[in-house]
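Dear colleague,

I am passing the structure on to you with this message, and my notes on its aromatic rings and on one helix pair follow below it.

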Protein chains: 2
Amino acid sequence: MEQVAVIDLGSNSIRFIIIEITQNGAHKLVYQEKESIRLSAGMLENNMCLTEEAQQRALKLLSVYAHIIESQHIGTVLAVATAAVRNARNGASFIKRVRAKTGIPMTVISGYAEATLGFSGVIHTIDEKDFLLFDLGGASIEISLVKNKKRVKSISIPIGAVTLTQKFDSSDEISSSQRKEMEEFISSKLHRISWLPKSGLPVIGIGGTVRNLAKMHQRKTGYPLPKLHNYHLPVKELFKMIDYLSRTSAHERENISGLSEERTDIIIAGSLVIEQLLELVNAEELIISGCGLREGVFFRYYDNKYDRKKDYLKNMLVNSVKNYRHSIPLHDGAHASHVTKMALTMFDQWKPLHRMHGRERKLLMTSSLLHDAGMLINYYSHARHSAYLTANARIFGLSHKEQIMCAFIVAFHHGYSRKFLKNNPYTDMLEDEDWDTVRQLACFLQLAEALDEANDRAVEKIVCSGTSHSADMRVYFSTDNVDILAHAVTPIIPVFRKLFEKPLIIEWFPEY
Amino acid sequence: MEQVAVIDLGSNSIRFIIIEITQNGAHKLVYQEKESIRLSAGMLENNMCLTEEAQQRALKLLSVYAHIIESQHIGTVLAVATAAVRNARNGASFIKRVRAKTGIPMTVISGYAEATLGFSGVIHTIDEKDFLLFDLGGASIEISLVKNKKRVKSISIPIGAVTLTQKFDSSDEISSSQRKEMEEFISSKLHRISWLPKSGLPVIGIGGTVRNLAKMHQRKTGYPLPKLHNYHLPVKELFKMIDYLSRTSAHERENISGLSEERTDIIIAGSLVIEQLLELVNAEELIISGCGLREGVFFRYYDNKYDRKKDYLKNMLVNSVKNYRHSIPLHDGAHASHVTKMALTMFDQWKPLHRMHGRERKLLMTSSLLHDAGMLINYYSHARHSAYLTANARIFGLSHKEQIMCAFIVAFHHGYSRKFLKNNPYTDMLEDEDWDTVRQLACFLQLAEALDEANDRAVEKIVCSGTSHSADMRVYFSTDNVDILAHAVTPIIPVFRKLFEKPLIIEWFPEY
């Protein structure tokens, strides 16, 4: 077991996370702190030096973190400082001061490294292949072009939410001419990037401004999930929100639901940067990444030590589900793995029957692997608890809706329940066709679960086929108690018939 | 680590559970199966012998259980058979047959032992001192009188839901004269018990009939919790349900929500026994126990091996919460324990301020111990996840409402959240005064949490006092970073003032 602390000293905020890595290499976030300390504040008037007050604010928190690191015996500390320190004339002496006062070995990273690490945080946690990525901080923005999961271009530009706010004095209400001036300034900087695609490539955004805008949108639309990572925000609606923000005073902004208090002053400058960028690349939606620099710092360390082949990157979903499973002690992992295998076999062999594809297969796999996880909470009603875990699991590679679909499949693994849907906050996220998918996949999971009713892996093989009149399954088993399996499968047969409009015919073959 | 299997071969159903005992003595249910096999069916016409069909039904399931026991390498098997086998003329030869065919060493227990074990299951899981207990099975009812948690009287009478149904042919619709005849028969049996109290002592009921009636009542009233254990059912409403049941046909009963299919025939006979007993003792409510004989069998084994001093019995709540905590791996158990200590210190020293009592103290203790458990599910939103765990935890010694209050206290341990209440299925379970309690206790928990903001147990002592003008707290700390604690406490001060109508004045004393 190893604990890794990551500190990200940004120009606006400082972040501190602790990640636990277990013996089998599973990793898990176990602590997080974030404070807005405005390290870059006052630099413009201070001859481009970090002010003494700003340094003190940082040192105070770093001392606390150092104390936690020491008291929790954390062996690995990865600490990086970004644009504010990078651009400050007294940056180097500040880093020495940090080392002397707190013992924390902090590295000032270049804009290029910042882009690299932000990219790493995203590419480990969002399953997109080709996209434009930006990370808007307090004093800089990093932009990268990603093709086939590789970063092909990167740039760091020293415009950020805090520095722009100071430059244009935009912390309170701004005039329309002021807005225009800011937009033109930002636009002129962005226009210099020759490789920016104009073709409406997906855009992924990192940073506090992005997260705050997404949170405001979620509050406004009553979004049922308390999750920002991988949230998709339509650009049209985002622009409306930014227009509105640009016409409010700082005081008025204090009452906007979702907008953090510490950001009422810098939100306008930050929003305008995002607006200009999205406009320039003709984006239709902005995908929010809650993971960025600090996760990137962690993964650089982790991949080097635990995953040199980058297995994790190759199959994000499977690996993150496995990672999650390792962090919750399952009573009977072998049962879950066996059920998963059988459910996927049905899915694969019955493709002509259900006509579903790779995405749905992923949903079935995720649901099968997690279907019993809720036993940890309570054996009674464990399908419901497993559904709760599935909906809230820190897994990557599914959309929000897909993860909720998995939760419903899990909930129904002992049969469909109308009661579960009543008052469920997520029910409205699914459309009619999603429900069809959920019920069909849940039926496969239910069948697979019934075929391991005695928890003894007695079914060695299943062969699924079909005609225009029926769906057929041959079950090869090695048990004296096949009756119990047949008994368990019985109530599912009419369900199957209703869902697939064909009778399910099961034949049992002993294999001794 | 040890696994214990318990098999309860009843006259109506057979039950099989597996309980895992970890190295530190924590125990946890990890598997459960139940089948209605009607072992006592047909005995009347079969010269009081178990029929061959009934024996085959039992043997088939017992083989399956034996197979699971073997494949999971379960070392300890505790198997008991009750009234059907006890009263059968061929009981002994059946037990031999079970042993020969499955290897399971089954013990036929006496009516007295059955009462003893049922009592044990209840006294470990429901925190009542003085009560009347009954366990209504398929072929017998055990009744015990409990004073000060000790059983002072017991009796087993051979009337049960299955045997009475056969005797009076009451499986379908019954006439009013038939009902009267049954009631008189039951009443005559019960009237022979000289020690039955007539004073309205609380009545706790075990058994499938009781559970089914409770489930029907929960469905009818839209009860938000999926939990039967410790459910309180008003006798007036129960009698209305029984009246209704007595006028329905078996076919009509098939559509009653909550009534299990396997019980549509025997529910009337079972209900009438309960009705007669409750009437005789002038009960106002029936408390349902989901734990009974099989938990009793387990606890007899467990207490002997792991808890000879019966610590568990002495403080059910604390011990069951600790037991639950052991089954979920907490990242930082020391933090939770420290926070619990501080929260309870505040509660104890500020009694004149809040005027709450022992019950509320128990709520605060439970909430504090579980406040971070949700990190297991996901670090993000962990207060919400801890609340989910708390609401669904297998802990004993609280009423349903109290456990839900704990969940809300846990949910608010970083501050009150209106959003959490919206769409929460449990919100309506609490009255205005319960909300006051929840918010006040959550405020203590929040203060205690803030005082360990850096997770380093830096606060060594707190002394709370008060005047008519203010509430005062002296904090003795050993840290260079007291600012972080002061900072964490700041947002709670206005909350405190609002809730207790007094300003909170905190003084900080370094202890080096």
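How many aromatic pairs does a search of the whole structure find over all chains? The search gives 39, where rings of Phe, Tyr and Trp (its six-membered ring) pair if their centres lie within 6.5 Å, and planes under 30 degrees apart count as stacked, over 60 as edge-to-face and the rest as tilted. Please keep in mind that this is a predicted model, in which local features need pLDDT of at least 70 and side-chain atom pairs count only at pLDDT 80 or more, while totals for chains, interfaces and linings use all residues. Residues are numbered from 1 along each chain as its sequence is written, chains are lettered from A and ligands numbered from 1 in the order in which they are written, and side-chain values use heavy atoms, with hydrogens and water left out.

One of the pairs joins A:Phe444 and A:Phe500, whose ring centres are 5.3 Å apart with the planes at 15°, so this pair is stacked. Both A:Phe444 and A:Phe500 are buried (under 20% relative accessible area, with a 1.4 Å probe and protein chains only). Ring pairs also link A:Phe408, A:Phe412, A:Tyr416, A:Phe420 and A:Trp435 into a cluster.

Charges sit over rings as well (NZ of Lys or CZ of Arg within 6 Å of the ring centre and within 35 degrees of the ring normal): the charged end of A:Lys461 is 4.8 Å from the ring centre of A:Tyr476, and B:Arg439 lies over the face of B:Tyr416, at 3.6 Å from the ring centre.

As for the helix pair (helices being DSSP runs of H or I, at least four residues, numbered from the N terminus), the axes of H1 (residues 52-71) and H3 (residues 91-102) of chain B come within 10 Å and cross at roughly 35°, the axes being lines fitted to C-alpha atoms over the stretch in contact, with angles from 0 to 180 degrees between N-to-C directions.

Terms used. Buried < 20%, exposed > 50% of the residue type's maximum accessible area, 1.4 Å probe, protein only. Helix = DSSP H or I, 4+ residues; strand = E, 2+ residues; numbered from the N terminus.
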